[in-house]
Amino acid sequence: MTSGSSTATPPWFVRRPTDHPARIFCFPYSGSGASAFSAWPAAIDDVEVCPVQFPGRENRLAEPHYGTYENLAAGLIDPLAPLLDRPFAFFGHCAGALPAFETVVRLAERGLPGPDCFFVSGQPAPHDASGDRMLTMTESELRAEVESFIRGRGIEPRPDMVDMGLAVLLRDHAAARDYRRTEPVEVRCPIVVLHWRDDPEVSLDRLDGWRQYSDSVDIRVVDGGHYDFMHAPDELRKLLTSWR
């Protein structure tokens, strides 16, 4: 192992980094944690998959919630820095793409290496992010969403399970409502924006705002629905290594 790999331990990274020649850091959506990527292989070709674990959920449930996307990005920089010793990419699904973007911005501000590619999955650009319908839902409506999601994964939702998931989701939604970028900020890396063909949450035209964030923006349509990324389908895997 390199010295960088040996310093990379939990809580931010649930998989201990190895010596693959490239890495992709994966940012989960609101209400979830690194387990959103548990079905992904440890590596896709020669690219190591590194799920990021946010504070306030799963194995970090006892820790304070991160509060804002800006705080989340700022807290991630130091643990992330030793792992930027080889080519890397970011992948952010849904609202997870927003703290991922903020991390890209802060890496540049600190003079640290930036990603070779930033993959955005099913999420409008930062200046359009406030249009998410779930941000206007009542607590009872969100509870029903959590129950439906758990059932969709083949699990009968217990009340304690729903309560825990809802508590995380409510705090994450508070962070999403507080997030404001009224003007696009251009980053140096290429951005690949993924639209899931059967996604009822985000239409293709709502993703077009990302074109203002980089000189190189590629919008791709992939088969599947909003949560199908969790199964790492072959089409997605191929795209995630296209930057190498």
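Predicted model: local features only at pLDDT ≥ 70, side-chain atom pairs only at ≥ 80, totals over all residues.

Reader: How many helices and strands?

Author: Six helices and seven strands. From the N terminus the order is α-β-β-β-α-β-α-β-α-α-β-β-α.

Reader: Why does 17 Å agree with a compact globule?

Author: Because a compact globule of 244 residues would have a radius of gyration near 18 Å, and the protein has 17 Å. The C-alpha trace spans about 45 × 40 × 35 Å along its principal axes.

Reader: What share of the residues is buried?

Author: 50% of the 244. As for contacts with a separation of 6 or more, 76% are between residues 24 or more positions apart.

Reader: Now the core. Which residues touch the most other members of the largest one?

Author: Phe25, Phe90, Phe118, Ile191 and Trp210, in a core of 43 residues. Elements giving two or more residues include strand 1 (22-27), strand 4 (88-93) and helix 5 (159-178). Helix 3 gives the most, with seven residues.

Reader: What does Phe90 touch?

Author: Leaving out residues up to four places away in sequence, its contacts include Ile24, Phe25, Leu80, Val104, Leu107 and Phe118.

Reader: Which residues does the second core include?

Author: Cys26, Val192, Trp196 and Leu239 are among its 26 residues, and this core is separate.

Reader: Switching to charges. How far apart are the mean positions of the positive and negative ones?

Author: 4 Å, for 25 positive and 36 negative charges.

Reader: And the accessible surface, what does that come to?

Author: About 10,700 Å², with 50% belonging to carbon and sulfur atoms.

Notes:
Residues numbered from 1 in each chain as written. Heavy atoms only, no water. Helix = DSSP H or I, 4+ residues; strand = E, 2+ residues; numbered from the N terminus. Rg over C-alpha atoms; globule rule 2.2 N^0.38 Å. Buried < 20%, exposed > 50% of the residue type's maximum accessible area, 1.4 Å probe, protein only. Contact = heavy atoms within 4.5 Å. Areas by Shrake-Rupley, 256 points an atom, 1.4 Å probe, with all protein chains shown as cover. Lys, Arg positive; Asp, Glu negative; His and termini not counted. Charge placed at Lys NZ, Arg CZ, Asp CG, Glu CD. Core = buried A, V, L, I, M, F, W, Y, C linked by side-chain atoms within 4.5 Å.
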